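Please keep the sequence and the structure in view while reading.

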Amino acid sequence: MVEIAVESEDAEPAYVVQLDDLPPHLLALVLDCLPDVTDLARASAVCNCWRDIVKTGVWPGARRFQLRRWARNTAEAIAWYSERCRNLEEVEAAGCASLTEADLAPLGSAPLRCLNLSRCWKFEGYDLLAAINARGRLESVDLSDTAVHIDMLAEALAPSFAAPHCSDGPGGCSSGVTTLRLSRIGIENEYGIRDLPWIGPALRHLDLSHNAWLATHHAYGLLGANDGSGAAVNPGDAAHGVANPGHHPHPTLGPMLLTHTVSPPRGGSRGSGGGGTCTRVTALQSLNLSDCPRLQSLPCVEALTSLLSLDVCRTAISGGCLLSIAKRCRHLRALAVSGCVNLTGAGLETAAYH
């Protein structure tokens, strides 16, 4: 039984009011202080009166929605709570393998800051992600083990970054995504990926682990290697004809590749020089590229000045790459290199001296 003590001028409370004694409109005010939708669901199970209040009320105070993977009627629950809880900022649906884009569509109008859809294997909702992103509030995104393809994701997000819309409210716009996890996702087109807008100056933690398709030229495109002319540096460009889009061996990919070139740093111009800079990842603190067997080197090492943790286990990086990491990443505290078959004892020893 929940009791509320009403204070008086004396040391002892004048009287005690139980929640059941409150009129419905006051009880609704109390329930609106619950920050988690799960707490509202539990409150609705107390009695028929509470159930009716929760069912018919609007709950702007609810900010967090956590779906259980064993829950029933998840699609109906998402639709109902999205309508009643209009200020949802955090949605966690990890492990809800049956969820699809249609089930999650009602979240498109929510001012989300954190979105966790890891292990939602059927989800590939590019339009939904673009709609959520366009509100300019996202700070943490986890799409690991989903049906999303990273090149198609970059294509879908690009328009939403042109003019982000921020709803009025205490939160305002965020400075950008700070945590991004894209482990075990696919790629539709080997040469179609260039620039993922979520990888920006605000990014602190990036996880691209367990992506067998991730090669060195993909990493260059994702991290925004810039040669000073505004075009993304890609070691495979010359081999695949990307430097001259008009003579690309896959003509249909030309427009896609051109839309994903890297923008120059703020305050500069495309002809301002500064070749080889990667201004979008200078704030990165944690980078996980483990279990990417095609990755032979780490791009943008000179820009990773804030890096504290790096995991390149079971990749194809060489001793020269490790030495460059040791020289440039002076604040590095944790480095994982187990299973790197191209590393030798001499290479590790040389890197250790730096």
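Helices (H or I, at least four residues) and strands (E, at least two) are DSSP runs, numbered from the N terminus. The model is a predicted one, in which local features need pLDDT of at least 70 and side-chain atom pairs count only at pLDDT 80 or more, whereas totals for chains, interfaces and linings use all residues. Residues are numbered from 1 along each chain as its sequence is written, and side-chain values use heavy atoms, with hydrogens and water left out.

Which residues of α4 are buried? In this helix, which spans residues 74–84, they are T74, I78, Y81 and S82. Seen down the axis of α4, these buried residues fall within an arc of 105°, so they line one face of the helix; the arc is that of the directions from the helix axis to the C-beta atoms. An α-helix has 3.6 residues a turn, so residues three or four places apart point the same way.

A nonpolar core is a set of buried Ala, Val, Leu, Ile, Met, Phe, Trp, Tyr and Cys residues joined through side-chain atoms within 4.5 Å. This core has 79 residues, and those with the most contacts inside it are L153, L180, L196 and W198. Leaving aside neighbours within four places in sequence, L196 is in contact (heavy atoms within 4.5 Å) with I150, L153, A154, L157, L180, L182, L222 and R280.

D145, in the loop between β6 (140–142) and α7, has a positive phi of about 60° although it is not a glycine. R184 lies in the loop between β7 (179–181) and β8 (205–207), and its phi, near 55°, is likewise positive in a residue other than glycine. R184 is partly exposed, with a relative accessible area of 42%.

Taken as a whole, the protein has 12 helices and 11 strands. Of its 354 residues, 45% count as buried. Among contacts between residues at least 6 apart in sequence, 69% join residues at least 24 apart.

Notes: Buried means under 20% relative accessible area, exposed over 50%, partly exposed in between (1.4 Å probe, protein chains only).
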